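User: I want to learn how to read a model like this one. Please take me through it feature by feature.

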Amino acid sequence: MSVKSFRTEFYPYQCEVLQEYGSKMSELSKGVLKLVLTTLGDGIETKYYDSDFKNCHGYLRINNYTAPESLDEEAEGLGMHTDMSCVTVVYQDEIGGLQVRSKDGKWMNIAPSEETLVVNLGDMLQAWSNEQLRSSEHRVVLKKPVNRFSLAFFWCFEDEKVVLAPDEVVGEGNKRIYRPFVCSEYLKFRESNEKGRFEKVGFTVKDFAGIGFPM
Ligand SMILES: O=C(O)CCC(=O)C(=O)O
Ligand SMILES: [Fe+2]
């Protein structure tokens with residue numbers, strides 16, 4: 001069952017408060033990204049942050065989920081998907097409902113907690129890291145008869161960026177999993193189809209650019 005949700009894109013930012021939030025989130029995303037890159041090996045962050053991630057930019061989405069009409073069955077606010085970003089920072093209000101899928105396919109509730117933000121890694125980082133980092137599969141389920149609100153800040157490569165894992169990141173003796181692709185081409189692939197936006201099957205970055213995967 002799907003529930004109507006009101007989604008507004010603010011790009012460029014349209015008011016001061018959002019602008020301030022956006023610049024704080026940009027700083028946070030840069031910090032998170034640098035930290036995550038350090039997990040890929042000694043010196044990777046120093047070597048590749050400037051060359052590959054310096055031109056990242058953010059956009060903010062405000063999600064307002066209308067209250068489900070009935071609670072008989074679990075209402076889906078946002079279907080399972082992965083984000084097309086490098087990293088996403090999510091603020092969810094106190095209603096809850098955000099769930100992340102574990103590697104073995106179990107849905108885990110991400111309970112809201114005051115002054116806590118959720119960070120998801122996105123498809124671009126999965127491809128750039130040759131799958132050493134995993135784009136999180138997540139969704140929103142509406143369990144309460146009230147409106148729900150969230151802010152998602154997506155930190156993304158520039159449109160023209162060619163996404164390619166450096167040889168050093170792939171690692172000697174390891175197979176390269178993704179062909180190089182232009183960032184905007186993947187966004188088009190996902191956004192040209194309603195299923196691609198919020199359904200995973202057939203529209204992952206691997207379906208798009210995975211070596212040996214059909215496009
Ligand atoms: O509403 C949420 O908590 C998550 C939103 C989300 O995943 C998205 O906008 O991509
Ligand atoms: Fe998302």
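Analyst: Start with Asn130, which lies in the loop between α3 (123–128) and β8. Helices (H or I, at least four residues) and strands (E, at least two) are DSSP runs numbered from the N terminus. The model is predicted: local features need pLDDT of at least 70, side-chain atom pairs count only at pLDDT 80 or more, and totals for chains, interfaces and linings use all residues. Residues are numbered from 1 along each chain as its sequence is written, while chains are lettered from A and ligands numbered from 1 in the order in which they are written.

User: What is the phi of Asn130 near?

Analyst: Most residues other than glycine have a negative phi. Asn130 has a positive one, near 55°. Glu115 also has a positive phi, near 60°. Glu115 lies in the loop between β6 (107–109) and β7 (118–121).

User: Is Asn130 buried or exposed? And Glu115, buried or exposed?

Analyst: Count C-beta atoms, placed from the backbone, within 10 Å of the residue's own: 20 or more others is buried, 12 or fewer is exposed, in between is partly exposed. Asn130 is buried because it has 20 others in that range. Glu115 has 5, so it is exposed.

User: How confident is the predictor in the chain?

Analyst: Read pLDDT, the predictor's confidence in each residue, from 0 to 100. The chain averages 89, and 88% of the residues score at least 70. Residues 1–7 stay under 50. For the complex, the predictor gives an ipTM of 0.99 and a pTM of 0.90.

User: How many helices and strands does the chain have?

Analyst: The chain has 7 helices and 11 strands. It runs to 215 residues, of which 32% count as buried. Next, contacts: two residues are in contact if their C-beta atoms, placed from the backbone, lie within 7 Å. Among contacts between residues at least 6 apart in sequence, 74% join residues at least 24 apart.

User: Which residues does Val87 touch?

Analyst: Val87 lies in strand β4. Beyond four places in sequence, its contacts include Ser29, Val32, Leu33, Val119 and Trp155. Val87 and Ser29 are 58 residues apart in sequence, yet 6.8 Å apart C-alpha to C-alpha. Val87 has 26 C-beta neighbours inside 10 Å, so it counts as buried.

User: How far apart in space are Asp50 and Asp104?

Analyst: They are 35 Å apart C-alpha to C-alpha, and 54 residues apart in sequence. Asp50 is in helix α2 (residues 44–53). Asp104 is in the loop between β5 (98–101) and β6. Asp50 has 10 other C-beta atoms within 10 Å, so it is exposed. Asp104 has 5 such neighbours, so it is exposed too.

User: Where does Ile95 lie?

Analyst: Ile95 is in the loop between β4 and β5. Its 19 C-beta neighbours inside 10 Å make it partly exposed. Leaving aside neighbours within four places in sequence, Ile95 is in contact with Lys144, Val146 and Arg148. Asn64 is 31 residues from Ile95 in sequence and 12 Å away, C-alpha to C-alpha.

User: Which members of the largest nonpolar core touch the most others?

Analyst: A nonpolar core is a set of buried Ala, Val, Leu, Ile, Met, Phe, Trp, Tyr and Cys residues joined through C-beta atoms within 7 Å. The largest has 40 residues; Cys86, Met124 and Trp155 touch the most other members. Strand β9 gives the most to this core, with 5 residues. Outside four places in sequence, Cys86 touches residues including Met124, Trp155, Leu33 and Phe157.

User: Which residues of helix α5 are buried?

Analyst: An α-helix has 3.6 residues a turn, so residues three or four places apart point the same way. In α5 (residues 183–191), the buried ones are Cys183, Tyr186 and Arg190. They cover an arc of only 65° around the axis (taken over the directions from the axis to the C-beta atoms), which puts them on the same side of α5.

User: Which residues surround ligand 1?

Analyst: Take residues whose C-beta atom, placed from the backbone, lies within 6 Å of the molecule. Among them are Arg61, Asn63, Asp83, Gln92, His138 and Ser150. Strands β2 (57–65), β4 (87–92), β8 (138–142) and β9 (148–156) each supply at least two residues of the shell. By class, the shell has 5 nonpolar, 4 polar and 2 charged residues. Here Ala, Val, Leu, Ile, Met, Phe, Trp, Tyr, Cys and Pro are nonpolar, Asp, Glu, Lys and Arg charged, and the others, Gly among them, polar.
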